[in-house]
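Welcome! Have a look at the sequence and the 3D view, then try each task before reading on.

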Amino acid sequence: MIFVALVAIACEEDNNPVAVEEHTDAEGFILENENGVEVYKEFEGEIVTNNLTLSVGETFELTVHFLDHDGNEIEHEEGEEEHEDELRITGNDTAIATIEVEDHEEEGDEDEEEHHEMAIHIIGVSAGTTSFKLELMHEGHADYTSTNNVSVTVTNAGTSSSRTIDNSNLFSCSNKLCLKACCARTLYAAK
């Protein structure tokens, strides 16, 4: 009789939506720039896109979108409290880039669709490469931690109004000018 009563009580607690704690079950995330262009994507432990290169003094404002098991963005239902989840950045070298979580304490117009989006700012401090881990925190623990270190490269290009380009590093890449040695192809010039 006691066993049946305990099972009945346990079943009642499992059906109580207040007792069920909501966690984000993410398999990856996307960082998008202000124009909605994907600059970084990690899915199921693999880096799919990594285009985080900025100049000294430049600031990237990036929105963070977490992905479900199918690679689709995890949508929060209308009225769902998102303020319980917060982003945390760990492991970056602040001498190269400052990476900050954007605060969302601003009161916005009710018609704004994106006022609850999670976002980060990356500010180029000095030339070099750094990396960071992204964590989605919920009630004191991480619901999601990036599998890989997110790599950020900061260049000296564009630090003044007149750009100086070091010709020793120029390479041709599919009709585009590439400043990275990874595009090591012969550059042909014609007059």
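A residue counts as buried under 20% relative accessible area, as exposed over 50% and as partly exposed in between, with a 1.4 Å probe and protein chains only. The model is predicted, so local features need pLDDT of at least 70, side-chain atom pairs count only at pLDDT 80 or more, and totals for chains, interfaces and linings use all residues. Residues are numbered from 1 along each chain as its sequence is written, and side-chain values use heavy atoms, with hydrogens and water left out.

**Exercise 1. Decide whether T63 is buried or exposed, and list what it touches.**

Step 1: Find the residue. T63 sits in strand β5; strands (E, at least two residues) and helices (H or I, at least four) are DSSP runs, numbered from the N terminus.

Step 2: Compare its value with the cut-off. The relative accessible area of T63 is 18%, so it is buried.

Step 3: Look for neighbours. A contact means heavy atoms within 4.5 Å. Leaving out residues up to four places away in sequence, T63 touches I30, L31, E32, E117, M118 and A119.

Step 4: Check the side chain. The side chains of T63 and H65 are joined by a polar contact of 2.9 Å. Such a contact is a pair of N or O atoms within 3.5 Å; within protein, one must be able to donate a hydrogen and the other to accept it, and residues adjacent in sequence count only if both atoms are side-chain atoms.

**Exercise 2. Describe the elements of the whole protein and how many of its residues are buried.**

Step 1: Turn to burial. Of the 191 residues, 28% count as buried.

Step 2: Consider the contacts. Among those with a separation of 6 or more, 61% are between residues 24 or more positions apart.

**Exercise 3. Work out how strand β2 is paired with β1 and β3.**

Step 1: Recall the rule. Two strands pair if DSSP finds at least two bridges between them.

Step 2: Take β1 (residues 28-32). It pairs with β2 in the antiparallel sense over five bridges, and E32 stands opposite E38 in β2. Their hairpin has five residues between the strands, and G36 takes a positive phi near 80 degrees there.

Step 3: Take β3 (residues 46-50). Four bridges join it to β2, again antiparallel, with I47 as the bridge partner of E42. Here two residues lie between the strands, and E44 takes a positive phi near 50 degrees.

Step 4: Judge the setting of β2 (residues 38-43). Five of its six residues are buried, so the strand is largely enclosed by the rest of the structure.

**Exercise 4. Find which aromatic rings pair with Y144.**

Step 1: Set the rule. Rings of Phe, Tyr and Trp (its six-membered ring) pair if their centres lie within 6.5 Å; planes under 30 degrees apart are stacked, over 60 edge-to-face and the rest tilted. The count comes to four aromatic pairs.

Step 2: F29 and Y144 are 6.1 Å apart centre to centre, with 70 degrees between the planes, and form an edge-to-face pair. F29 lies in β1 and Y144 in β10 (residues 141-145), so the pair ties together parts 115 residues apart in sequence.

Step 3: Ring pairs link F29, Y40, F66 and Y144 into a cluster.
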